[in-house]
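This report covers pockets, cavities, helix packing and aromatic pairs.

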Amino acid sequence: MKTRTLCIGLLIAVAVGHWILAGQMVLGSERILQKGTPYKFRCAPLDPEDPFRGKFIVLQFDAAIFKTDTGSNFQTGQAVFLLLKKDTAGFAHIDKVSAQKPEGNTGWLTTSISYIDRNKADTIQTLHFDLPFTRYYMDEFDAPKAEKEYAHAVTDTSRRTWAQVHIWQGEARIAEVFVRDTSLRQRFGGSK
Amino acid sequence: MASSIEKDLALMEAQGVLNGDTAQSIRHWYLQRQAAQPNRLLLVFGVLGVLLVITGIGLLLAHNWDVLSKALKTIVAVLPLLIGQVWCLLTLLKNPENELQRESSAAWLAISIGVCISLISQIYHIEGNMQGFLLTWLLAGLPVVYLMRSSVAGVLYIAGAACYGVEAGYAPAYRQNTWAFWLLLAAILPWYIHKIRTRPLGWLTALHHYAVVIALLLVLGSIGEKPGGFWLWAGYMSMLGLFYQLGNYLAETQQLPFISNPWRIAGWLGSALLLFIGSFFDFWKDFRWNEEGEGLGWQSVSFWVTVILTLGAAANLVWRHRTLLSHRFDPMLTAFLAYLLVFLLHFQEPGIAAFIANLYLLGAGVLLLLHGQQQQRIGILNLGLGIIAVLAVCRFFDTELSFILRGLIFITVGICFVYFNYQLIRRKKIQ
C-alpha cells in the first residue's frame with residue numbers, strides 16, 4: 001500500500017516535470033516573440049540540389065556568413081555570439097563575432113560555427129554559422145506550394161524575400177516569412 | 001489448453017494408456033497454468049494498437065493545421081500527454097495489477113512525450129537537433145518505466161537510447177558525445193536485471209535482451225577515434241566473448257531457449273564472423289597499411305576499452321569455468337583469446353596471423369563435428385561441418401590456392417557432410 005502511494009506520488013511529480021518541460025518550451029518561445037527585438041533577415045537562394053525535407057521550408061540567410069582575418073582564433077563547432085546591426089533598408093547583418101557573451105538582452109544571437117573557409121593567401125577566413133531558424137513549418141499541403149514560391153522568389157534580384165525573427169537574450173524565434181513582402185501564411189491562407 | 005494436447009489425451013484415454021483420473025489431472029494442470037499466465041496475445045495486440053493510435057495522432061497533428069490559432073494548436077499538442085498521464089494515474093489507482101492497462105498506458109505516455117516536444121517545436125519553429133530531442137525524451141520517459149513497471153516502455157527506452165548513442169556517438173567531432181549513452185544504459189540496468197530475475201522466460205524479457213545486445217553492438221564503435229580506433233576490432237571480439245559467456249550462463253541457470261537468448265546468438269555468430277574475416281591474409285595486409293602513420297594509439301580510449309573488455313572476458317571465463325578441463329571444451333568460449341593473439345601478431349606477421357585464424361576455425365569445426373558425433377546431436381555435427389564448409393568457401397576466394405586444391409577441398413567437405421550425417425542417422429535408427 002505504501003509502495004503504491006509512493007508510486008502515485010512520484011508519477012504526479014513526473015507529470016509535473018513533463019508540464020514544466022512543455023511549459024518552458026511554450027512560455028520561453030512566447031517571451032522571445034513578445035519581448036524580443038524583431039530583425040529582418042534577407043533570405044539567400046537555396047542549393048537547387050537540396051531535396052524537400054518534410055513539411056517545412058528550409059531557409060538560408062545572407063547573414064549566415066562573416067568574413068574575418070585569420071588572426072582571430074575561431075574553431076569549427078565553437079559556440080559564439082553574433083552581434084547584429086541593421087543596414088539602411090532595415091535588414092540585419094553581423095557586425096561582430098565574439099567568443100564572450102555580450103551584455104544586454106537584445107542585439108546578439110547565440111550560435112555555433114559550422115565550418116570555416118580560408119582564402120588562398122590564408123589571410124581571410126569566412127565563418128559559416130548554424131543559425132537557429134532555418135526551418136519554417138507550414139500546413140502539410142501548403143508547404144510544397146510555398147516552398148516552390150519561396151525558391152523562385154529568392155532568386156529575384158530585388159531581394160524582397162526575408163524572414164522576421166525575434167531575438168531575446170541570444171535566442172531566436174521565427175515569426176513569419178515574407179515572399180515579395182507578403183506573408184507566406186497569408187498568401188496560402190490559414191491563420192497565425 | 002491446446003487442441004492438439006486435448007486430442008492426444010482423448011486418444012490415450014481411448015487406447016487405455018491413461019486412465020480417466022490421470023487424464024483429468026493433466027487437463028486441470030494445463031488449465032491452472034493457463035490461468036496463471038497473462039493472455040499473451042491480448043497484451044501484444046493491445047499494446048500494438050495503443051502504439052499505432054498514439055503515433056497516428058501525432059502524425060495527424062503534425063499536418064500542422066493552419067486554420068487553428070497558435071494557442072489552440074498548443075493545447076491540441078499537449079492533449080495526448082495529458083491523456084497519457086491521467087490514464088497512468090487511473091491505472092495505478094484502480095488497476096495496478098492489470099498488466100494490459102499498465103503496459104498500454106505507459107506505452108501511450110512514453111510516445112506522447114516525444115509527440116508533445118515535436119509538435120511544440122513545430123508550432124514555434126524551434127530549431128533544436130536530434131541529439132537534444134532524443135536526450136530530453138529519454139530523460140522524461142525513464143521514470144515511466146519504473147513507476148508503471150512497464151516492459152514496453154523499457155524496450156522503447158533502450159531502443160531510444162541506442163538511437164541516441166548512434167546519433168551522438170557518430171556525429172562530427174564538434175558535437176560528438178560518446179559517454180552519455182552509457183549513463184542512459186546504466187539508468188535502465190536495474191529494471192533490466194529485475195526483468196531477468198522475475199520473468200526470465202517472458203517474451204518481453206527476451207525483447208529486452210535483443211534491445212540491449214543490438215544497442216551495445218551499434219554504439220561501441222562510436223568510441224573509436226584516430227589514432228587508435230583500430231583496437232576496437234579486438235574490443236568488439238572481447239565484447240562478443242562476454243556476450244557468449246553471458247548467454248551460456250542464462251541458458252544454464254534459467255534454461256533460456258535458444259531464440260530468446262540473443263547474447264548467445266550474437267556472441268557465437270559475431271565471434272565466428274570476426275574470425276572468418278581475420279582468416280583472410282589480405283584483410284590484415286590492408287589493415288596494417290591503413291594503420292601506418294596512425295601510430296599504435298596506446299593512449300587512446302579504444303585501446304583501454306579493449307584492455308578492460310578483454311581482461312573482463314578472461315577473468316569471467318576463468319571464474320565461471322574453473323573446472324574447464326572436466327567440461328567439454330567449447331571453442332567459441334576462447335575464440336576472443338585466439339583473436340587477440342591473431343590481432344597482436346598482425347602488427348609484425350600478418351601472414352601468420354591469418355594462418356592462426358584459419359587453424360583455430362578448422363579446429364573449432366572439427367571439435368564440434370566430433371562432439372556432435374559423440375553425443376549423437378545432428379545440429380552440433382552440422383554446425384561443425386558448416387564452419388569447415390564456410391572456411392572452404394572463404395579460401396575459394398583466396399587467389400593463392402590453385403583450382404585443383406580448391407576443388408579437392410570442396411569435394412572432401414561435401415563427402416564429409418554426407419558421410420557423417422549418414423553415420424549418425426543410421427546409428428540413431430539402430431538404437
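## Second largest pocket

A pocket is an open set of points on a 1 Å grid over the protein atoms alone, with protein on both sides within 12 Å along at least five of seven lines. Grid points are joined across faces, edges and corners, and a volume is the space filled by probe spheres set on the points. The second largest pocket holds about 680 Å³ of space. Its lining consists of 22 residues. Nearest the centre lie B:Leu189, B:Tyr192, B:Leu216, B:Leu246 and B:Trp263. Lining residues are those with an atom within 4 Å of a point.

Four helices of chain B each supply at least two lining residues: H8 (180-198), H9 (203-219), H10 (232-254) and H13 (301-320). Helices (H or I, at least four residues) and strands (E, at least two) are DSSP runs, numbered from the N terminus. The lining of this pocket divides into 17 nonpolar, 3 polar and 2 charged residues. Here Ala, Val, Leu, Ile, Met, Phe, Trp, Tyr, Cys and Pro count as nonpolar, Asp, Glu, Lys and Arg as charged, and the others, Gly among them, as polar.

## Basis of the model

This is a predicted model: local features need pLDDT of at least 70, side-chain atom pairs count only at pLDDT 80 or more, and totals for chains, interfaces and linings use all residues. Residues are numbered from 1 along each chain as its sequence is written, chains are lettered from A and ligands numbered from 1 in the order in which they are written, and side-chain values use heavy atoms, with hydrogens and water left out.

## Helix packing

Two packed helices are described by the angle between their axes and the distance between the axes. Axes are lines fitted to C-alpha atoms, for helices over the stretch in contact, and angles run from 0 to 180 degrees between N-to-C directions. Helix H1 (residues 2-35) of chain A packs on H5(B) at about 10 degrees, with the axes 10 Å apart. H1(A) is therefore roughly parallel to H5(B); angles under 35 degrees count as roughly parallel, over 145 as roughly antiparallel, 65 to 115 as roughly perpendicular and the rest as oblique. From H1(A), A:His18, A:Leu21, A:Ala22, A:Met25 and A:Val26 meet B:Leu109, B:Ile113, B:Cys116, B:Ile117, B:Ile120 and B:Ser121 of H5(B). Contact means heavy atoms within 4.5 Å. This contact has 9 nonpolar, 2 polar and no charged residues.

Within chain B, the axes of H5 (residues 99-123) and H7 (residues 151-169) come within 7 Å and cross at roughly 30 degrees. H5(B) is therefore roughly parallel to H7(B). H5(B) contributes B:Glu103, B:Ala106, B:Ala107 and B:Ile111 to the contact, and H7(B) contributes B:Ser151, B:Val152, B:Ala153 and B:Leu156. By class there are 6 nonpolar, 1 polar and 1 charged.

## Cavities

A cavity is a set of grid points where a 1.4 Å probe fits but cannot get out. The structure holds 2 cavities of 30 Å³ or more. Helices H4 (70-94) and H5 of chain B each supply at least two lining residues.

The second largest cavity has a volume of about 40 Å³. Its lining is A:His18, A:Leu21, A:Ala22, A:Met25, B:Leu81, B:Ile113, B:Cys116 and B:Ile117. H1(A) gives the most, with 4 residues. The lining has 7 nonpolar, 1 polar and no charged residues.

## Aromatic pairs

The whole structure has 31 aromatic pairs over all chains. Rings of Phe, Tyr and Trp (its six-membered ring) pair if their centres lie within 6.5 Å; planes under 30 degrees apart count as stacked, over 60 as edge-to-face and the rest as tilted. A:Phe41 and A:Phe133 have ring centres 5.0 Å apart and planes at 55 degrees, so the pair is tilted. A:Phe41 sits in strand S1 (residues 37-42) of chain A, and A:Phe133 in the loop between strands S7 (124-129) and S8 (135-137) of chain A, 92 residues apart.
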